Structure formats: structure tokens, C-alpha cells
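Here is a short briefing on a predicted model. Look over the sequence and the fold first, then read the points below.

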Amino acid sequence: MARLTRIEQQERTRNSILAAAREEFAEHGYAGAKVDRIAERADLTRGAVYSNFPGKRALYLAVLVAMTERASAAGPAWAPATAEDALIRFARAWLDRLPPAGADRLRLRSLAGVLDARGRDVLAQLARLEALLLAVGLESCAPGRRVRLAELALTLLCGAGQLAEQAPGFGSAADRVRACGHLAALDLGDAWVPRPPAATAEAVHEPLAAPALRDLVGGGPVDFGADGLVAVFGVGRLAAAEDALRAAAPGETVTVLVAVPDPAETGSLVRLRVGDLTSCLRAVFPAGTWRRLRVAVADPAATAALGLPDPADGTEAALRMRGGMVAVRASGPGAARAAARSRRGAGA
């Protein structure tokens, strides 16, 4: 048998740790799990576990991300004709993920007791990004802004997930599916009111050392050579992702990069939530629904390659790409809108 390369050995060790951790978390839950027992299950030392994962929280999130990435959803046989139809099908896909009463909490992707105060703040911002992704799907079959409708549907379904954990067996899944469909009839007075950007845009003509990033929505690599906007947000500003999408010209690609200082924890949380949501979206909407929108996690090395060496939670920055070159740079609140308004970036 050929000897494993160093990279192959590292990958084997990491997979062994993840398999052992999944057993430990399924048996004892997050709070009761012990890193020492995970090391024993994997026939490794405690130090070997910590050399691959910085702590128990990062390991738990990595297990959930691996479960999410293994879940595959078949594409829909037909596109939803109305927002009501889309919500009914989305609710079914979402609720089908929930395990029956008595199943382990890992299958619920439970985050109870896992996140600290900062993690909960990040989760609140991620919820806004999730609502935007669902709204793009709803808007493909129902004209007008549908972000508030998406937020309402996710509130109902996330509540169902909480009940599945805290009161297993309570309520009817069929009733929840019908309730989600009825939400489409509500008049929520939803309208997008953009704020004037405080950021300033600078016309440039620079090559880009594009980092290799994976699109969490489409699943393929992020193409930085495509014309359009690249918007970089710290995890405290993800609610502004809609500004980037609405500001871009029709047909332009919008790449939303979530800048994370700690890929093992915050980065995994982003991958978990977006990946879990998109697995449901793919079961409802055609693959081309999000052809304009890409979402990726950018670690410090990736943001440095984009010319942003030290992004913070409140970072907003944008690049306007034209012909494979950076044509505009903007930073500050409303950076994406400022970059979109730039005449140089518009090709004038």
C-alpha cells in the first residue's frame, strides 16, 4: 500500500475526529460532550484534536456543517407558479428535515447552549441574509419585494424547529405547511427604501489576485472575473447584503462575501446556516434562480487578497469589476450602492 502524503494523513485524521465527535455529540449532546472522550473514540491524543479544531464549539459546528453538506436535495420537477405554492413547498422541505421524536439533537442542527453573546449577534445578522435568499426565490414567482414575507415564513418554521427540540411531537406538520402558504396572502406593505450611501467610491484600474472561494448557494467556485459587484461585509453588517443586490444593474452578478476573523467558528456558523437553508431552497426553486447572487465565506487571507487586510464586524466594502479588473473601490456604510453608482464602474 502506498504511503499517504502529509495532506492525505491530515485529512484522514480530521475525518476520524469528526466521526468520533459525531458519536459523542449524538450520545451526550453539546453540553455533556467531552473532548477527552472524542480523542479516545478517535484513538488520538487530546492534543491531536486541538491541533485540528480550536475548541469544542468549533468541533460541534464542523460536525453540523459536514452533515449539511452531505444532505442533497433533488431539483424540483416544476417551478412554483405563485408565492403561496413556493411557501408550501419550502415549508415541506424544511419540516422534512426535522427528525421524529426521540432522535438525537444533531439532526435538529441544534445550537441551544452552543453560542456565546457574539455568536447570537452573528446569528441575528445571518437570519437577515437567509431571509434575503428565500425572498429572491419568492420574487422569482411573485413580483415585488418579498423580504418581509420571507422573514415571517422563517420565523414560523424556526419556531417549529425549536418545538421539535423542546416539545417533541407537538403540533401538526401539515397545519404548519398550510399556514406558511396562507402567509402569501398577507398585505405586508413591503417596499425597499434605500438609504443614501455614506461611502465614497474611488475609480481605479487594478488587477485582482482572486482568492479561491466556494459559492455557498450555487455550490461552484466564485468567479471574480465576472462583471458586477463584489460586496464584503463583516458579520455585524450582513443585513446590508440586500443593498448590494438591489443596487446592481439588472443581470449583473452580485457576490456577497462574509468576512470572518475566525473561520473555524464564525465561518462554520455561516456555512451551516446558509448551507442548511439552500438545501431546502434547491428542492423548491430551479437552479438558475440565484444565478445573479453568490455568497461565500472570506477568511483573513481572502480579504487580504481583495485589499482588505483587517476587516471588522462592522466592515462594509465593495469592488466593481469590469473586464476582469477592479474598476471601483468603495468602503463605509452603503459601499455597494456607492460602487454601483460610480460612472466609471458603470462603464461610462
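Two strands count as paired if DSSP finds at least two bridges between them. Strands are DSSP runs (E, at least two residues), numbered from the N terminus. Residues are numbered from 1 along each chain as its sequence is written.

**Sheet**
- Six strands make an open sheet in the order E1-E6-E5-E2-E3-E4. The pairing is mixed.
- E1 (200–206) and E4 (293–298) are the edge strands. Each has a single partner strand, so one side of each lacks a neighbour in the sheet.
- From one strand to the next, the twist averages 20°. Axes here are lines fitted to C-alpha atoms, with angles from 0 to 180 degrees between N-to-C directions.
- E1 and E6 (residues 325–331) run antiparallel and are joined by 5 bridges.
- Glu 202 has Arg 329 in E6 as its bridge partner.

**Aromatic pairs**
- The model holds 5 aromatic pairs. Rings of Phe, Tyr and Trp (its six-membered ring) pair if their centres lie within 6.5 Å; planes under 30 degrees apart are stacked, over 60 edge-to-face, and the rest tilted.
- Phe 25 and Tyr 30 are stacked, 6.2 Å centre to centre with 20° between the planes.
- Both Phe 25 and Tyr 30 are buried. Buried means under 20% relative accessible area, exposed over 50%, and partly exposed in between (1.4 Å probe, protein chains only).
- Phe 25 and Tyr 30 form one aromatic cluster with Tyr 60.
- Phe 285 and Trp 290 pair edge-to-face, at 5.6 Å centre to centre and 85° between the planes.
- Phe 285 counts as buried because its relative accessibility is 1%. Trp 290 is buried too, at 8%.

**Charges over rings**
- The charged end of Lys 56 sits over the ring of Tyr 30, 4.7 Å from its centre. The rule asks for NZ of Lys or CZ of Arg within 6 Å of the ring centre and within 35 degrees of the ring normal.
- Arg 97 lies over the face of Trp 94, 4.4 Å from the ring centre.

**Confidence**
- Mean pLDDT is 91, and 96% of residues reach 70 or more. pLDDT is the predictor's confidence in each residue, from 0 to 100.
- Residues 344–348 have pLDDT below 50. Beyond near neighbours in sequence, this stretch has 13 contacts in the model, a contact being heavy atoms within 4.5 Å.
- Where pLDDT is low, predicted coordinates should not be read in detail.

Notes
This is a predicted model: local features need pLDDT of at least 70, side-chain atom pairs count only at pLDDT 80 or more; totals for chains, interfaces and linings use all residues. Side-chain values use heavy atoms; hydrogens and water are left out. Helices (H or I, at least four residues) and strands (E, at least two) are DSSP runs, numbered from the N terminus.
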